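Please read them with the sequence and the coordinates open.

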Amino acid sequence: MPFTIATWNINSVRLREPLVSRLLAEEAPDILCLQECKSPVEKMPLEAFRAAGYAHVAARGQKGYNGVAILSRLPIEDVGDRDFAGLGHARHVAVRLENGVTIHNFYVPAGGDKPDRAVNEKFGQKLDYLTEMRDWFHAERPERAILVGDLNIAPREDDVWSHKQLLKVVSHTPIEVEHLGETQDAGGWVDVTRQDIPEGQLYSWWSYRSPDWDAADKGRRLDHVWATPDIANAAHSSRILRAVRGWPQPSDHAPVFATFDL
């Protein structure tokens, strides 16, 4: 039975509850994974989402920062979370569907402004977080699994508006791309979005700093949908809902969708 999954860095689920509700009403994904919820779980507007038909929830939260949630119309089992790099942050939660597929929802640290761990602790934390993800996937190689989230790295040259100009900008530096590639390889993960849309510029994030983000189009593909090789061929219909970035009081990220026939 096919199901559609979406991932979206919402940048405050309480502030943008109307946008989440609108997306659920208009697009009706079976599963919506949110990042940067910026709220303790008990203060997330989960009743509004349950009223919209998303009765099944797994979430991890903290006040003002980070936070991840999985909203589902399908029954899910909460199978825990991991504190990669020992940061004490709410950046991961995993669930299992009745068909045995595990879904991981990640919010990888952004990494601050300077791509140098000697002067920027946050950049070091980002690299350490990815290294621990890599080591986990090596040790416990995933099967029948989907990984989604804001991974805060645009790995390909056509995942950014200017490869040359962003080589020294956090999210597209060679060391970050290398770390993400090692993490992906460790689990054998397939980039579902690029499996479906193999060519061309593709973005899921546009900075608030741009006065006209749509016309300038200086985007980056920071949000990802991956799948293990045993189910990757069941994926199709990937899309990024760019128009959502233009909704009132938007997140700076657009949601990314994929459908799986499983």
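1. Cys 33 has a relative accessibility of 0% and therefore counts as buried, where buried means under 20% relative accessible area, exposed over 50%, and partly exposed in between, with a 1.4 Å probe and protein chains only. Cys 37, at 1% relative accessibility, likewise counts as buried. This is a predicted model, in which local features need pLDDT of at least 70 and side-chain atom pairs count only at pLDDT 80 or more, whereas totals for chains, interfaces and linings use all residues. Residues are numbered from 1 along each chain as its sequence is written, and side-chain values use heavy atoms, with hydrogens and water left out.

2. How many disulfides does the model contain? If a disulfide is taken as a pair of cysteine sulfur atoms within 2.5 Å, the count comes to zero. The cysteine sulfur closest to that of Cys 33 belongs to Cys 37, and because it lies 10 Å away it is too far for a bond. Cys 37 is accordingly in no disulfide, its nearest cysteine sulfur being that of Cys 33.

3. Strand β2 covers residues 31–35, and because five of its five residues are buried, the strand is largely enclosed by the rest of the structure. (Helices are DSSP runs of H or I with at least four residues, strands are runs of E with at least two, and both are numbered from the N terminus.) In a regular strand the side chains alternate between the two faces of the sheet. In β2, Ile 31, Cys 33 and Gln 35 point one way while Leu 32 and Leu 34 point the other way, and all are buried.

4. Strands count as paired if DSSP finds at least two bridges between them. β2 pairs with strand β1 (residues 2–9) in the parallel sense over five bridges, and Ile 5 stands opposite Ile 31 of β2. Between β1 and β2 the chain passes through helix α1 (residues 17–27), in a β-α-β crossover that is right-handed, that is, the path from the first strand over the helix to the second runs clockwise when the strands point away from the viewer. β2 is also joined to strand β4 (residues 68–72) by five bridges, here antiparallel, and Ile 70 in β4 is the bridge partner of Cys 33.

5. An open sheet of six strands, with mixed pairing, has the order β5-β6-β7-β8-β12-β9. β5 (76–80) and β9 (190–191) stand at its edges with a single partner strand each, so one side of each is left without a neighbour in the sheet. Within this order, strands β7 (residues 102–107) and β8 (residues 145–150) pair in the parallel sense over six bridges, with His 104 opposite Leu 147 in β8.

6. Which residues of helix α5 are buried? They are Glu 176, His 179, Leu 180, Thr 183, Ala 186 and Gly 187. Seen down the axis of α5, these buried residues fall within an arc of 125°, so they line one face of the helix; the arc is that of the directions from the helix axis to the C-beta atoms. They pack against α3 (121–139), β12 (223–227) and α8 (229–232), with contact meaning heavy atoms within 4.5 Å. The face of α5 turned away from its buried side carries the exposed residues Pro 174 and Asp 185. Just after the helix, Gly 188 takes a positive phi of about 65°.
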